[in-house]
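Work through the exercises below with the sequence and the coordinates at hand. Each task is followed by a worked solution.

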Protein chains: 2
Amino acid sequence: MELITGVKKKETLELSEILADGMIGQTVKVNGAIHTIRDMGTVAFVILRKREGLLQCVYEESSAAFDLKEIKEADTVEVSGVLEANEKAPNGIELRMKEMRLLSEATETMPLQISKWKLKTSLEAKLNYRPIALRNVRERAKFKIQEGIVRGFRDFLYKEGFTEIHTPKIGAKSAEGGSNLFKLEYFHRPAILQQSPQLYKQMMVGVFDRVFETAPVFRAEKHNTKRHLNEYTSLDFEMGYIDGFEDIMAMETGFLQYTMALLEKEYAKELKILGVTLPNTKQIPAVRFDEIKKMVSEKYDRPIKNPFDLEPEEEMLIGQYAKEEWDADFVFVTHYPSKKRPFYAMDDPDDSVYTLSFDLLYNGLEITTGGQRIHDYQKLTDKMESRGMTEEGMEQYMSCFRHGMPPHGGLGIGMERLTMKLLGEENVRETTLFPRDLSRLEP
Amino acid sequence: MELITGVKKKETLELSEILADGMIGQTVKVNGAIHTIRDMGTVAFVILRKREGLLQCVYEESSAAFDLKEIKEADTVEVSGVLEANEKAPNGIELRMKEMRLLSEATETMPLQISKWKLKTSLEAKLNYRPIALRNVRERAKFKIQEGIVRGFRDFLYKEGFTEIHTPKIGAKSAEGGSNLFKLEYFHRPAILQQSPQLYKQMMVGVFDRVFETAPVFRAEKHNTKRHLNEYTSLDFEMGYIDGFEDIMAMETGFLQYTMALLEKEYAKELKILGVTLPNTKQIPAVRFDEIKKMVSEKYDRPIKNPFDLEPEEEMLIGQYAKEEWDADFVFVTHYPSKKRPFYAMDDPDDSVYTLSFDLLYNGLEITTGGQRIHDYQKLTDKMESRGMTEEGMEQYMSCFRHGMPPHGGLGIGMERLTMKLLGEENVRETTLFPRDLSRLEP
């Protein structure tokens, strides 16, 4: 029997430790993957890829205790040597190599030149070699930023008194119902994959008042576009005791403000690598669905085809309008038509053609759908009846309303879409680790 | 167009604001659900349930501007009145009610007496009325603690340089393969639900060195026990550049230490409600699989039936042994037999019957499986061949090893099981928000 007492400091250093004051002249040990080797004849530069960035190591036959031929790109190594200042090296520091220990060997040459600053290859190739392509410093930075977004979502909501929940993804019935569900057999019973945690988070409002979840959702939609995925990570929250759906928009604005500040502070390196300028989230315009449709139609001389829905092109024009007229990257479009919203959406008491709901558009792409929900049992059953729905499979959901539910609302944010727009990408697959779409089920 | 500028302070107060210094004598407004009403004739106590706890409100006809009959249990309300000290009230404070505004009405009496301190009902009944049962203060506290566990996992790992990832749950093939997979049709192609993010997190070690994920996993196991679920939340991490699988155990010990400190600091209220004493995580014994089997067999006079596996009863006895001999709640059991571990597990170079892997038992229940993985391409293909496996469907996973992977390992922790043992529960369903098992697919 031996005793495990926790994490011990390692002899090998991370990049932030190397970059600390007073390290120049020190002999240190580091490990990493060989990102690239530039052999200049008398001297060679061996670039190590570490999780915090790149470290330039200098090889000279006279000072190194090993042969340069012993290492090659994509091997992983542990090296020791003296740190020296060199303003031409990344971060102004380099390591003069002495000892080297091979940790693992690559057996094949790389299919992509990941050590190039920009991976000059197609999205298709990047996805086909996903785990290799992501070793490129810019490619991986995208997912570090994505981490920051999700972290910001959670930390902000903890601060605002929300409780994190974990709801089941396999179920008997789904919130929105219909044809967009993946079906499976669950021990000889028909089951579905949840396309949203909607009913669960509403039920949990009766318990915790404010809840959130960051988890996968599944949509069997036969869309093949740059903005659709069949599985994505949804950032969901739901909150009780609201005065109106404006409270939901205010909370989302607060999340965006908090997260941009977090990114600026903790992910500055990655923002710089990707050349990202953070959007202004100080104030976000909110405008009615019917009004913005009219405004866009007039400004861009485009007839309104369907007064009850927004086409993707219309969303883009709304983004353009918001930028041109209000210098806004984000815009809340409020009061969506009731017939385009699910049964649980609260209709506007002043005009039941519309709902107390909204979408958030980010540079012309919908990244959030949210709104106030019906909390009154009778109103809920009336609306379900008017849509020909029954309580079957939703007994517990319905029972919450019979046993008192506060006025509440919430939203769902598409994590990959928010990352995509923040990074100025054109395709949501660029900011999805392993996309699932009509043709892609692997890797 | 109006402008949304972020979260505004509400007029209504939360419990922590009410309990701040200098509030006695103040007139305040609060909202909440009516947890219970105790009508004593001349005076009535109306207990409000808020997310931070209970608030006693006092109703007297002479001072209230409404009739007590206007409210009933499970309604949600907004009330105003003066705060008064009363050492018999929860938290030593109560609100003398003046105004009341009804926010929503319950239409049916409660199926469970949620206002009782302990819900004296069967697990079956609790699950059948899940969203109602969780309104009980003790029931909901369990899931607040669960939040703390997951939060501790993430915050500790961020601090240790891990990157959070989101990997797909629908796939073509799974890490462990076999019969325990839920199958579904994915646009006319056969697909499965991932039973672990294993292959993905390994691939991402080549990108970020250290990664983690907190997400659902799916296991179509036909177990019907107190400790099995068919869908659960797995806390997974994987880390590169390890010196051995001891590094993984050290990291898990660090997580437990960090999380217990977080619970003590941020979740003291819930720990008190549930009467939980936190386990000692200062040091955790690690003992070989074959040795602890022998030790337990000798001490408890129980013959070893199967030298290559642990029966649940044996796990319980190991827990008992660790408590009695080492005063330990946790124990790492190391060097599991190779034939009981998946293909990617690294065999012990000193004796390939065993692997460099471990389970963590918590009071006699396995809550973690982890270990070092094979990082050498040739060794990996050799082991796969010896098991009759092919690379089919794992091409990208295999390519990572051809292009250099550092020595690495990781683990998966069952979130619900860890919560269960921490809270001293006997059934994992007690600490699962909406359990999925052989018979339960709803709610």
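The model is predicted.

**Exercise 1.** Find the bridge partner of A:Leu3 in strand 13 of chain B.

Solution. The partner is B:Pro285. This pair belongs to strand 1 (residues 2-4) of chain A and strand 13 (residues 284-288) of chain B, which are joined by three bridges and run antiparallel.

**Exercise 2.** State how many residues of chain A and of chain B are in contact, and classify those on the side of chain A.

Solution. Counting gives 98 residues of chain A against 97 of chain B. On the side of chain A that touches chain B, 50 residues are nonpolar, 23 polar and 25 charged.

**Exercise 3.** Check the span of helix 6 (residues 246-266) of chain A against its number of residues.

Solution. Helix 6 of chain A has 21 residues. The expected span is 1.5 Å times one less than that number, so it should be 30 Å. The end C-alpha atoms are 30 Å apart, which agrees. Buried residues of this helix include A:Phe255, A:Leu256 and A:Leu263.

**Exercise 4.** Describe how helix 8 (residues 289-299) and helix 9 (residues 312-326) of chain A cross, and what residues meet there.

Solution. The two axes come within 10 Å and cross at roughly 80°. Angles of 65 to 115 degrees count as roughly perpendicular, so helix 8 of chain A is roughly perpendicular to helix 9 of chain A. From helix 8, A:Ile292, A:Met295, A:Val296 and A:Lys299 meet A:Glu314, A:Leu317, A:Ile318 and A:Tyr321 of helix 9. By class, this contact has six nonpolar residues, no polar ones and two charged.

Key:
Residues numbered from 1 in each chain as written. Chains lettered and ligands numbered in written order. Predicted model: local features only at pLDDT ≥ 70, side-chain atom pairs only at ≥ 80, totals over all residues. Contact = placed C-beta atoms within 7 Å. Nonpolar A, V, L, I, M, F, W, Y, C, P; charged D, E, K, R; others polar. Pairing = 2+ DSSP bridges. Helix = DSSP H or I, 4+ residues; strand = E, 2+ residues; numbered from the N terminus. Buried ≥ 20, exposed ≤ 12 C-beta atoms within 10 Å, placed from the backbone. Axes fitted to C-alpha atoms, helices over the stretch in contact; angles between N-to-C directions. Parallel < 35°, antiparallel > 145°, perpendicular 65-115°, else oblique.
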